[in-house]
Amino acid sequence: MHITAEKIKEAAEALESTELKSFMFQEPTAGPLTRRRRSSRSTGRSRRSTRGTRRSTRRSTRGTRRSTRRSTRGTRRSTRRSTRRSTRGTRRSTRGTRRSTRRSTRGTRRSTRRSTRGTRRSTRRSRRSTRRSRRSRRSTRRSRRSTRRSTRRSRRSTRRSRRSTRRSTRRSRRSTRRSTRRSRRSTRRSRRSTRRSRRSTRRS
């Protein structure tokens, strides 16, 4: 039983249609206490009529009270049932929302953990690669330096060897020139001496 606006209106109309409202809002019609008594016949009749009206009003009030009690009981039961159902539905919905939020938070935590792990691994790999590249660069720089030094040394040695060869060639040339000059001089002297000896022989 769900309470609706139409049912409330019907209950109110039923209460208005009964004699309870008219009896509740009836003004007191009791007259003065000291009245002239009429004849016993008229008083008996009036008493009987008042008794009947009283009985009928009592019966009507009892029926209306019973109907109002039943309607109130029904409304209370329906409200209890509706509140219980609503509370059960809200509890179930809150439980479902809590479970869904827990699942979503767990999923987000797992995803964040995985993402952080992936980022950490990628950063570690990038760091390792950068370290390796740095080491390779250093090794290449060292090899270049060593090659440059070796080339410089070889150039220096070649220059020195060239200089020494030049000096040796110069010395050899000088020595050959000196020797040739000396030999020429000696030959000239010997020729002169022979000429002189011939002249002296001719004169004698």
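Trainee: How many helices and strands does the chain have?

Mentor: The chain has three helices and zero strands, where helices (H or I, at least four residues) and strands (E, at least two) are DSSP runs numbered from the N terminus. The elements run α-α-α from the N terminus on. This is a predicted model, in which local features need pLDDT of at least 70, side-chain atom pairs count only at pLDDT 80 or more, and totals for chains, interfaces and linings use all residues. Residues are numbered from 1 along each chain as its sequence is written, and side-chain values use heavy atoms, with hydrogens and water left out.

Trainee: Why does α1 lie largely in the open?

Mentor: Buried means under 20% relative accessible area, exposed over 50%, and partly exposed in between (1.4 Å probe, protein chains only). Helix α1 lies largely in the open because, of its 13 residues, the number buried is zero. Of the 204 residues of the chain, 2% count as buried.

Trainee: Where is Ser146 found, and what is its relative accessible area?

Mentor: Ser146 is found in helix α3 (residues 40-203). With a relative accessible area of 39%, Ser146 is partly exposed. A polar atom of the Ser146 side chain lies 2.6 Å from the backbone oxygen of Ser143.

Key: A polar contact is a pair of N or O atoms within 3.5 Å; within protein, one must be able to donate a hydrogen and the other to accept it, and residues adjacent in sequence count only if both atoms are side-chain atoms.
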